[in-house]
Amino acid sequence: MEERLEIRLSGSGGQGLILAGIILAEAAILDGKNAVQSQSYGPEARGGASRAEVVISDEEIDYPKVTKPQVLLALTNEALNKFKDNLASDGIIIIDSSINKPDTPYKVIQLPIIETARDRIGKSMVANIVAVGVITALTKVVSREAVEKAVLNRVPKGTEELNKKALYAGFELGEQLS
Amino acid sequence: MTEKKLEIMVKEKVCKGCGICVAFCPKKVFSLENGKPVVVNLEACIKCKLCELRCPDFAIVVGGDDDNDQ
Amino acid sequence: MRKNLEKYFRIDKLPHIWCPGCGHGIITGAVVRAIDNLKLDKDKICIVSGIGCSSRAPGYLNFNTLHTTHGRALAFATGLKLANPDLKVIVLTGDGDCTAIGGNHFIHACRRNIDITTVVFNNSIYGMTSGQYSPMTPAGAYATTAPYGNIDRNFDLCKLAQASGATYVARGTVYHVPQLIKIIEKALQHKGFSVVETVSICPTYFGRKNKMGSPVKMMEMLRDNSVTVKAAEKMSREELANKIVIGEFYEENAPEYTEEYKKIIQKAQGEE
Amino acid sequence: MTMTSKPRLMQGNEACVEGAIAAGMRFYAGYPITPSTEIAEIAAERLPKVGGKFIQMEDEIASMGAVIGASLAGLKAMTATSGPGFSLKQENLGFACLTEVPCVVVDVQRGGPSTGQPTMPAQGDVMQARWGTHGDHPIITLSPSYVREVFDMTIRAFNLSEKYRVPCILLMDEVVGHLRERVELPDPASIKVINRKRPDFSKIEQYNPYQDYDGDGVPPMVNFGEGVPYHVTGLIHDITGFPSTSPAVTEYLISRLMRKINDNLDDIIDYEKLYTEDAETVVVSFGSTARSAIRAAKILRKEGEKVGVLRLKTIWPFPHKAIQELAPTTKNIIVAEMNYGQLIEVVEASAKGRFNVIGLNKFNGELISPDEVIAKVREVNKNA
């Protein structure tokens, strides 16, 4: 079977998870890999359940959806409860420190993602980019150079520095554990 | 006005006989005969052309074929 | 037909399908005369219509003619005009076509102020389907679908057009043809969305259902009940109750849609 | 096609606009509807940059009307929508079919009838794409499975539409429309673009807009404003374009409309076969669902199961030959589609009892998974 890495980013609408997915997929492409990004969201633009999925592979990607992710990011309790039982056997769950630690056979990594964005960077909005940094540092699915480039490509003009700071803060958070 | 001879053409084939030209001619130039308008009082025509403008069937030309002014 | 008008017609398609005394031929004649008076470039004229008696008019006219679906003439016309702003786009539509099924397109075309002239053939009835009431049928009138009298209140199309943003709004009748030709000329020369509501007569359906008598009687009714915009200003609401107010209601110079879009193109290309 | 662009992450809906512009689209009229809205948004931004026009109309019906008007004025025109909007466009779509006005209509399918599930995928408009309008007429419908294919297929939709003067439907689904994927675009110079056939006035004395001058069923087209006035009507018309109620004229027109498509099936129909040469079971699929079928087949082949995939890129006209020419070893056909069973009826008609035709249907707002295809294939092979 070809090397196929699946990432699921889950939380609520407005947390920027789709953008985070796009950035990871784009970084993978910059690294010369194949990647697809898809999403699932409710009718509400803000507040509803939201998830973004990324599949990264060296081969052609046929089925574009995530079934058993190696990485699950959950930024809300609801999202965690919905997805925590369906990971690859070596899967890891990355959760925000505001979330109750689940009872699960999978490896759980708890990090102050939202707090870092809010208190260290000064904008809770960039929690998604902190999370991208965490995932990059922890899993090395994409290179740091590529992910930085992807962040700068995709964030709104004028917010590049802020997001770069968020990304680096994410790297640091991840490094502590990796 | 020039001394051109006045002519009023009514194309009977396309006329559907609504009678509008007959009824609203300010000078009573037309008369309705067998359901179609007939010019009965050409001399009275003042060339206002209302009959032509109001004809729903494009059946009337006041001034005849060489009249170009409207 | 007058020789100099023949080039505007598809002579071989005449006589038209309209009933004896139908006002639609009179309006079609007025539109053609206005075009001739202005010496517009015939090849650039597109006449667009929807469905109904009035919408058969383009078939008799020798221009680029487009007989579309019911109510949608203005949607098609908007595409034509925006795609090629050099075209002179004229929409001929009926009261049902324009204000019922096409009502949404009408108000939005007004709002955009796209350079299209719309002549509404208002005979207060659906003629082609044989006499159902339209949004322009006066309350109290009879129709095949209003056998006990119409309880719907009718639109004042000119007020609707003006409120929706049309920048030239006028009303004429098929009795007052010289005036009608003049306002159609003005509408055609106006840059922006122009509306000419033309009160027409339908002797066959509206006339018979409402016992109005012959086409002549219906024309007399138009003559006797029409008042000019100026005269109407001095009349009370009650006095105006059953009157047809004719003349120009509104004229404004406002940004025209296709001109504005040209600026969008410049802006977009400038950013490259 | 030579690849020149750097690989980039592109969304299906974005690839649609890029393909359309590459094909020469210079007019877009639309109305916002999930999950097709990005097509309108990107067209609004991209079109004026290439001198094209974008307009957001007051409704879906108006969008379709404006597209036809613009095409008559000579611009290649497109609109995009989803199920509910596609329903609203049908009358004018039929008008374009009868009046032979080239245009492309994108339907990014979402779940359910009525408002259904706006953000969820489905493939429930298969029949609407073919028979959503009233009366008999031909139509072409293409269905892409990959983002890169959306680009190519949008170009193909314009080319076929212009070549045969018939509206072309690009039947996407939410998965393909919203999917972002690695894409390398071809060198623009290498893209084959077909434009509508024009009359040769050195040979034609009087232009009849619906005369089959070349005998291929496709009348050459003059654009409005080019000095050759003619009449376009949604009424049944003769070769001059004017209404007719003559049975002979009516029969001739409808037959010609059908003939211009039916005589060119090999040009219009496109599909992909994978492992079908010796397959006992073939999964017939299209759009995003086909990707699950392909993944399932790859897995099953490694386990020795004789399974193949027939991925339909052209849905309408239906590729009957592709079904009928499946290998002699093929006994079973599984039709995998995200609906209650639409295309399967046509496949059954095509199979004429030669194959055992089984449906794999999902209509719960989720894409059929490779595991589900695998399970179905195993079940079918066990029973066979």
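Predicted model: local features only at pLDDT ≥ 70, side-chain atom pairs only at ≥ 80, totals over all residues.
Chain B has 70 residues, and buried residues make up 44% of them. When we take the contacts in chain B with a separation of 6 or more, residues 24 or more positions apart account for 46% of them.

Now to chain D, where the domain assignment gives domain 1, residues 8-190, and domain 2, residues 270-383. The C-alpha centres of these two domains of chain D lie 26 Å apart, and the contact takes 27 residues from domain 1 and 24 residues from domain 2. The size of an interface is often given as the accessible area lost when the parts come together. For domain 1 and domain 2 of chain D the buried area is about 2,000 Å², and carbon and sulfur atoms give 54% of it. Which residues of domain 1 of chain D lose the most area to domain 2? They are Gln123(D), Val126(D) and Met127(D), which together make up 29% of what that side buries. Across this interface in chain D the rule also finds three salt bridges.

Following α12(D) comes Lys352(D), a residue whose phi is positive, near 50°.

That brings me to salt bridges over the whole structure, where a search finds 55 of them across all chains. Side chains of opposite charge can pair when their charged atoms come close. In chain A, the side chains of Arg144(A) and Glu175(A) meet in a salt bridge, at 2.7 Å from N to O. This pair links distant parts of the chain, since Arg144(A) belongs to helix α5 and Glu175(A) to helix α6 of chain A, 31 residues apart. Arg144(A) counts as partly exposed at 31% relative accessibility, and Glu175(A) is partly exposed too, with a relative accessible area of 38%.

In chain C, Glu6(C) and Lys3(C) meet through their side chains in a salt bridge of 3.7 Å, N to O. How are these two placed in helix α1 of chain C? They are three residues apart, so about one helical turn separates Glu6(C) from Lys3(C).

Back in chain D, the side chains of Lys362(D) and Glu372(D) form a salt bridge of 2.9 Å, N to O. Here Lys362(D) lies in the loop between β16 and α13 of chain D, whereas Glu372(D) lies in helix α13, 10 residues apart. Is Lys362(D) buried or exposed? Lys362(D) is buried, because its relative accessible area is 12% and the cut-off for buried is under 20%. Glu372(D), at 30% relative accessibility, counts as partly exposed. Finally, in chain C, salt bridges that share partners join Lys81(C), Asp115(C), Lys191(C), Glu259(C) and Lys262(C) into one network.

Technical notes
Residues numbered from 1 in each chain as written. Chains lettered and ligands numbered in written order. Heavy atoms only, no water. Helix = DSSP H or I, 4+ residues; strand = E, 2+ residues; numbered from the N terminus. Buried < 20%, exposed > 50% of the residue type's maximum accessible area, 1.4 Å probe, protein only. Contact = heavy atoms within 4.5 Å. Salt bridge = Lys/Arg side-chain N within 4 Å of Asp/Glu carboxyl O. Domains from an automatic or database assignment. Buried area = accessible area lost by both parts, 1.4 Å probe.
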